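Visitor: I would like to learn how to read a structure of this kind, feature by feature. Could you give me the general idea each time and then turn to the case at hand?

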Amino acid sequence: MAGGGSVTFRHKLKRHKFGVSPADERTRDGRVFDSKAEARRYDLLMLAYREGRITYPMLQPRFQLPGHADYKADFMFCVLANFDRYEEGDIAIEDVKGHRTQAYKTKKRAVEKRYAPLAITEIPA
């Protein structure tokens, strides 16, 4: 650069609109979750799986909706023994939520209507 001066770049780090934590705080078993709360729920579900209380844990199962839309839940599993708020034999579908958008509410209602008697359980963040 002519004149021997230095250039300093200043920019603000852009925050996520929902205040998401850094990826290293949300990573479990090589998978980056959307939030720390979702990662903690994963930890709890994997413990229940290892203890034999749940089976067939699925991450981000998709449910088809009319109009080429789909809904992606956070977790789905079968309950073998009473676990958390579920009873033996239940099929659980969970979504960890810190902020409930209108789009989420609309899709949740559509999934529950189309796939009844399945219901989505919201796990607070």
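Guide: Let us begin with exposure: a residue counts as buried under 20% relative accessible area, as exposed over 50%, and as partly exposed in between. Gln60 has a relative accessible area of 26%, so Gln60 is partly exposed. Please keep in mind throughout that this is a predicted model.

Visitor: Where is Gln60 found, and what is its phi?

Guide: Gln60 is found in the loop between S3 and strand S4 (62-65), and its phi is near 50 degrees, a positive value in a residue other than glycine. Asp29 also has a phi near 50 degrees, again positive in a residue that is not glycine, and it is found in the loop between strand S1 (27-28) and strand S2 (31-32). With a relative accessible area of 67%, Asp29 is exposed, because the cut-off for that class is over 50%.

Visitor: Which residues does the cis peptide bond join?

Guide: The cis bond joins Ala116 and Pro117, with omega at about 15 degrees, and Pro117 lies in the loop between H2 and S8.

Visitor: How should I read the sheet, and in what order do its strands come?

Guide: In general, strands of a sheet pair through backbone hydrogen bonds, either parallel or antiparallel. Here four strands form an open sheet in the order S3-S6-S7-S8, with mixed pairing. At its edges are strand S3 (54-59) and strand S8 (120-124), each of which pairs on one side only, and from one strand to the next the twist averages 25 degrees.

Visitor: How many bridges join S6 to S7, and what is the bridge partner of Phe77?

Guide: Strand S6 (residues 75-79) and strand S7 (residues 91-97) run antiparallel and are joined by four bridges; the partner of Phe77 is Ala92, in S7.

Visitor: Which strands does each helix meet?

Guide: Helix H1 (residues 36-50) lies across S3, S6, S7 and S8, and runs at about 150 degrees to S3. Helix H2 (residues 102-114) packs on the sheet as well, touching S7 and S8, and its direction makes about 145 degrees with that of S8.

Visitor: How many salt bridges does the structure hold, and what should I look for in one?

Guide: The general idea is a side-chain nitrogen of Lys or Arg within 4 Å of a carboxyl oxygen of Asp or Glu, and the structure holds 10 salt bridges. One of them pairs Asp84 with Arg41, whose closest N and O atoms are 2.8 Å apart. This pair links distant parts of the chain, 43 residues apart, with Asp84 in the loop between S6 and S7 and Arg41 in helix H1.

Visitor: Are Asp84 and Arg41 buried or partly exposed?

Guide: Asp84 is partly exposed, at 46% relative accessible area, whereas Arg41 is buried, at 8%. Asp84 also forms a salt bridge with Arg85, the closest N and O atoms being 3.8 Å apart, and Arg85 is partly exposed at 45%. A network of salt bridges links Arg41, Asp84, Arg85 and Glu94.

Visitor: Where in the chain are Glu122 and Arg100?

Guide: Glu122 is in strand S8 and Arg100 in the loop between S7 and H2, so that the pair, 22 residues apart, links distant parts of the chain. Their side chains meet in a salt bridge of 3.0 Å, N to O. Glu122 counts as partly exposed at 26% relative accessibility, as does Arg100 at 43%.

Definitions and conventions. Residues numbered from 1 in each chain as written. Predicted model: local features only at pLDDT ≥ 70, side-chain atom pairs only at ≥ 80, totals over all residues. Heavy atoms only, no water. Pairing = 2+ DSSP bridges. Helix = DSSP H or I, 4+ residues; strand = E, 2+ residues; numbered from the N terminus. Axes fitted to C-alpha atoms, helices over the stretch in contact; angles between N-to-C directions. Contact = heavy atoms within 4.5 Å. Buried < 20%, exposed > 50% of the residue type's maximum accessible area, 1.4 Å probe, protein only.
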